[in-house]
Amino acid sequence: MLKGILIAVGAVAISLLLLCVRIIMQKNGKFSSEHISENKRMRQDGIHCANSQDRETRRKANKKLNVSEL
């Protein structure tokens, strides 16, 4: 029983160590932003996050439809 628990704890410890390797190897220990709108290549292609694209589409629709004339 104790041997199985020690093996499981060891496996978890090794997994965490391997997951931390990238952080240790990165400059300053920081990842670049993973957000779509902050990705240079996607901005060049005009791709934004879904929320931003939805907001832009709604603004364009509101400009086309003059609510004060209704």
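Predicted model: local features only at pLDDT ≥ 70, side-chain atom pairs only at ≥ 80, totals over all residues.
How many salt bridges does a search of the whole structure find?

The protein has three helices and zero strands, and from the N terminus on its elements run α-α-α. Of its 70 residues, 3% count as buried. The protein exposes about 6800 Å², with carbon and sulfur atoms supplying 60% of that area.

Let's start with helix H1, which covers residues 2-25. Its 24 residues should span 34 Å at 1.5 Å a residue, and the end C-alpha atoms are 35 Å apart, so the two values agree. Do look for the kink of about 30° in H1, which is centred on Leu19.

H1 is also where you'll find Val21. Together with Ile14, Leu18, Ile24 and Met25, Val21 makes a nonpolar surface patch of about 560 Å². Is Val21 itself buried, exposed or partly exposed? Its relative accessibility is 39%, so Val21 counts as partly exposed.

Now, back to my opening question. The search of the whole structure turns up one salt bridge. Asp54 forms it with Arg58, and their closest N and O atoms are 3.0 Å apart. Both residues belong to helix H3, residues 50-64, and sit four residues apart, about one turn of the helix. An α-helix has 3.6 residues a turn, so residues three or four places apart point the same way. Side chains of opposite charge can pair when their charged atoms come close.

And how open are the two partners? Asp54 counts as partly exposed because its relative accessibility is 40%, while Arg58, with a relative accessible area of 53%, is exposed.

Technical notes. Residues numbered from 1 in each chain as written. Heavy atoms only, no water. Patch = residues over 30% accessible without salt bridge, like charges linked within 9 Å, V, L, I, M, F, W, Y side chains within 5 Å. Areas by Shrake-Rupley, 256 points an atom, 1.4 Å probe, with all protein chains shown as cover. Salt bridge = Lys/Arg side-chain N within 4 Å of Asp/Glu carboxyl O. Helix = DSSP H or I, 4+ residues; strand = E, 2+ residues; numbered from the N terminus. Buried < 20%, exposed > 50% of the residue type's maximum accessible area, 1.4 Å probe, protein only. Expected span 1.5 Å × (residues − 1). Bend = angle between axes of the 7 residues up to and from the residue.
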